[in-house]
Amino acid sequence: MSDTTMTRREWLLTDRPQSRTQARLGRAYVTWRRFTANRLAVIGLGIILLLLFVAAAAPLLAPHSPYIGDLRNARLLPPSSTYWLGTDDQGRDILSRLIYGSRLTLQVIVLVAIIAAPIGLLVGTAAGYAGGWIDAVLMRITDIFLAFPKLVLALAFVAALGPGIENAIIAIALTSWPPYARIARAETLTVRNSDYISAVKLMGASPMRIVLRHIMPLCISSLIVRVTLDMAGIILTAAGLGFLGLGAQPPLPEWGAMIASGRRFILDQWWVAAAPGAAILIVSLGFNLLGDGLRDALDTRSGGQ
Amino acid sequence: MTPALSIDKLRVVYDDFIALKDVSLTVAQGESFGLVGESGSGKSTLLRAVAGLAPVSGGTIDVSGQRLGKSRDKAFYRQVQMVFQDPYGSLHPRQTVDRLLLEPLDIHGFADTEKRIQRALDEVGLGSGFRFRYSHQLSGGQRQRVAIARALILEPSILLLDEPTSALDASVQAEVLNLLEQVRRDRKLTFVMVSHDLGVITHMCERLMVMQGGEEIERLEAGDLATRNVAQDYTRNLLVASEGFVRDA
Amino acid sequence: MNTLLHVEDLRVSFPTRTGVVEAVRGVSFALGQERLGIVGESGSGKSQTGRAIMGLTPQQAEIKARRLEFSGIDLLKASPAERRALRGNRIAMILQDPKYSLDPVMTIGRQIVETLRTHEKVGKAEARERALDMLAAVQIRDPKRVYDLYPHEVSGGMGQRAMIAMMLIAGPELLIADEPTSALDVTVQLDILRILDRLVIDRGMGLVFISHDLRLVSTFCDRVIVMYAGKIIEELKASELSQAKHPYTQGLLNCMPKIGADRHPLPVLDRQPEWLL
């Protein structure tokens with residue numbers, strides 16, 4: 001056969017894959033090419049990869065300690081060659097705090113995504129497929145959660161559970177699943193009466209199997225997109241809780257808390273609040289661009305060609 | 001011999017719309033029975049009711065002498081399978097052919113899946129080159145072949161065919177009809193086929209029922225259409241219409 | 001017979017990931033005040049031919065032709081504004097599914113009136129009057145009621161009639177009908193064809209009837225063009241279709257199940273590579 005003469009690209013794009021792996025890789029490659037065709041999305045991905053790298057290599061990258069400052073000589077210094085982004089009121093290097101803070105930001109994002117997305121997916125697909133009273137009960141619960149403003153509900157949770165980064169994460173996760181449930185349900189309703197789901201039913205598959213193996217995979221891509229777009233909001237909520245003193249506690253270098261402490265000097269020492277503000281802005285933007293790109297790349301309706 | 005399928009006064013009601021009004025029919029084992037009618041005649045509803053996809057609100061359905069209840073068990077689906085009209089809508093958009101064919105085997109706990117998938121693809125004339133393709137990489141005719149392979153892989157004795165070729169080009173339709181006839185002969189299957197096309201129905205079925213508005217209009221032998229031995233005006237109109245356009249003089 | 005439409009060596013090509021795909025490869029025909037059928041299977045380029053004449057080809061596609069002329073107007077040189085003015089006014093098109101072609105949030109009557117008023121200066125009352133007349137002309141029994149209905153409130157056949165009424169309100173000289181009846185029941189199908197037929201006879205309209213249904217085309221049209229893989233492989237009088245020369249046309253005619261003919265298995269089309277040349 002001509003397998004040996006085929007380039008890797010031809011192997012991926014072939015119309016006649018020879019194995020499960022090849023079919024799956026080929027599909028992934030097509031999605032990847034669609035994604036990379038969008039310049040902004042690639043920039044977004046770059047920002048997120050940079051965030052990951054910075055968080056992973058924080059001890060190597062940070063020029064100073066994020067917790068211990070030089071209170072005597074280095075309080076509220078403007079950006080200079082020793083302190084690239086200046087120092088805060090405790091004499092700590094802001095750049096180092098930002099670098100370590102990226103770990104907290106990532107922790108919040110990942111945990112919220114891991115908790116909220118599956119809850120939403122499960123509730124939404126179950127409600128959408130089952131219909132009837134199960135649907136009514138699950139969706140009313142969702143509506144109750146949706147009716148509260150996110151930050152207010154999170155505040156109430158934190159007030160009850162006590163301040164701290166873990167509780168903030170739980171609070172944000174518990175308040176952010178309802179939109180995912182709504183999306184998953186809407187998506188489920190569009191496919192539940194389709195012939196291909198009927199066909200699986202005719203194979204004798206149980207409702208559980210249909211939801212888990214046939215409907216969920218169809219909902220996941222729009223959910224990924226939505227979660228990515230929500231990341232920016234999650235970062236902001238976490239920062240907001242930090243800003244209000246209910247999230248990460250001092251001396252943790254959480255970006256929101258950093259802005260809060262920099263607020264007092266905002267007129268004279270603007271860089272103290274501006275640097276974490278810019279960091280939040282850039283990472284939020286990164287997630288938004290990535291989400292937009294994923295939406296186009298994962299869209300099955302335009303897929304195929 | 002117990003009939004393969006026996007339906008008595010079957011009634012299907014959606015909200016307050018009666019889609020099927022007390023229709024009865026009996027299909028012998030190995031027979032091919034046709035349902036003809038225009039949209040809204042209830043012909044597809046009848047098939048779906050047998051398959052358990054439409055709400056039955058009256059009447060009974062017996063498959064090989066066994067009365068069917070509200071829900072269908074796994075054993076039922078080993079006996080009765082269905083091929084849908086739109087080959088573009090009946091295959092899961094995110095699954096390869098391999099996965100589509102593996103699913104029924106997996107559900108029913110078959111062990112020799114590799115061999116069965118291979119054989120199913122060969123039987124419908126697709127070969128292994130198509131095994132790991134996604135449905136969007138297939139043409140309409142190829143998709144319908146996959147759908148037939150999926151329906152046959154559980155070795156049912158009754159195949160419900162809901163306009164299996166109406167979305168296909170004429171040349172592909174001929175190939176798929178030939179394939180269906182061949183598998184029916186090889187496996188001694190019972191067919192219940194729905195179509196709006198009188199030509200297709202007379203080609204495929206020995207007996208047929210003409211339906212309109214959820215009711216039976218009349219019952220015919222395939223030969224009756226050729227000899228115009230029909231009693232009802234409605235059927236006669238369908239026959240005339242199927243011959244194409246006639247310009248008024 | 002005066003010729004409405006000249007098409008010479010029409011080519012439509014689409015750039016894709018794997019290279020340029022030519023959907024239409026050198027199609028030529030002329031159309032007068034007659035019913036011309038274009039028959040072919042999916043992928044034969046019949047729809048793209050119709051769309052190219054109408055100016056509805058997707059943006060990324062490239063259209064080339066030695067001549068593409070509608071009553072003296074060079075369609076390839078016409079500006080987008082000129083083509084818009086032609087579209088709906090002098091050239092109209094009916095598509096397969098009315099559900100996608102009618103605006104779902106506007107009543108049928110208003111859609112017809114709007115179409116009329118974008119092409120002609122008429123008062124509101126007169127426009128309404130003409131829309132009602134048009135609905136009656138396409139054999140809608142109760143035009144006043146249908147006028148105020150939304151597209152989802154009418155059946156497929158009624159929707160298609162409303163669509164035809166909308167397309168014909170400005171009195172086009174050329175109508176391109178792309179599978180106008182394929183989604184409909186046979187009996188409704190013939191009603192629609194009868195309406196189109198009358199329009200050709202009474203108004204002297206030119207009709208391009210694109211369909212996959214050989215039997216329908218051969219009984220309805222005057223002339224038939226058979227397309228295969230982007231090319232015309234045969235052109236003949238509809239009444240002489242049964243004497244078709246090309247093996248593809250013969251094969252297509254042959255492979256349809258017929259009432260009374262007992263052929264098991266059905267003859268299938270044996271596609272020859274030289275048909276592609």
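Me: What makes the second largest pocket a pocket, and how much space lies in it?
Reply: This is a predicted model, so keep that in mind throughout. A pocket is an open set of points with protein on both sides within 12 Å along at least five of seven lines, whereas a probe cannot get out of a cavity. About 450 Å³ of space lies in this one. It has 19 lining residues, and those closest to its centre are A:Tyr129, A:Arg192, A:Lys201, B:Gly52 and B:Leu53.

Me: Which helices supply at least two residues each of that lining?
Reply: From chain A there are H5 (94-130), H9 (195-202) and H10 (207-243), and from chain B there is H2 (74-79).

Me: How do the lining residues of the second largest pocket divide by class?
Reply: Seven are nonpolar, six polar and six charged. Take the residues closest to the centre: A:Arg192 and A:Lys201 are among them, and Arg and Lys count as charged. B:Gly52 is there too, and Gly goes with the polar class.

Me: Why are H10(A) and H3(B) called roughly antiparallel?
Reply: Two packed helices are described by the angle between their axes and the distance between the axes. Here the axes of H10(A) and H3(B), residues 97-107 of chain B, come within 13 Å and cross at roughly 160°. The cut-off for roughly antiparallel is over 145 degrees, and therefore H10(A) and H3(B) get that label. The crossing itself is right-handed.

Me: What makes the contact between them, and how do its residues divide?
Reply: H10(A) brings A:Arg209, A:Arg213 and A:His214, while H3(B) brings B:Arg99, B:Glu103, B:Asp106 and B:Ile107. By class, that is one nonpolar, one polar and five charged.

Me: How do H5(A) and H6(A) cross?
Reply: The axes of H5(A) and H6(A), the latter residues 132-147, come within 7 Å and cross at roughly 145°. That crossing is left-handed. On the H5(A) side the residues are A:Val123, A:Gly124, A:Ala126, A:Ala127, A:Gly128 and A:Ala130, and they meet A:Gly132, A:Ile134, A:Asp135, A:Leu138, A:Met139 and A:Thr142 of H6(A).

Me: What elements does chain A have?
Reply: Twelve helices and zero strands. Its C-alpha trace spans about 75 × 60 × 25 Å along the principal axes.

Me: What about H4(C) and H5(C), how do they cross?
Reply: H4 (residues 108-119) and H5 (residues 124-137) of chain C have axes that come within 9 Å and cross at roughly 115°. H4(C) passes H5(C) in a right-handed crossing. C:Ile108, C:Ile112, C:Val113, C:Leu116 and C:Arg117 of H4(C) make the contact with C:Lys124, C:Ala127, C:Arg128, C:Arg130, C:Ala131 and C:Leu135 of H5(C). That contact has seven nonpolar, no polar and four charged residues.

Me: Which peptide bond in chain C is cis, and where does its proline lie?
Reply: The bond from C:His264 to C:Pro265, with omega near -10°. C:Pro265 lies in the segment after helix H10 (247-254) of chain C.

Me: What is phi of C:Glu179, and where does that residue lie?
Reply: Phi is near 45°, a positive value in a residue other than glycine. C:Glu179 lies in the loop between strand S8 (174-178) and helix H8 (186-203) of chain C.

Technical notes. Residues numbered from 1 in each chain as written. Chains lettered and ligands numbered in written order. Predicted model: local features only at pLDDT ≥ 70, side-chain atom pairs only at ≥ 80, totals over all residues. Heavy atoms only, no water. 1 Å grid on protein atoms, 1.4 Å probe; cavity = no way out; pocket = protein on both sides within 12 Å on 5 of 7 lines; lining within 4 Å. Points joined across faces, edges and corners; volume = space filled by probe spheres on them. Helix = DSSP H or I, 4+ residues; strand = E, 2+ residues; numbered from the N terminus. Axes fitted to C-alpha atoms, helices over the stretch in contact; angles between N-to-C directions. Parallel < 35°, antiparallel > 145°, perpendicular 65-115°, else oblique. Left-handed = near helix turned anticlockwise from the far one by under 90°. Contact = heavy atoms within 4.5 Å.
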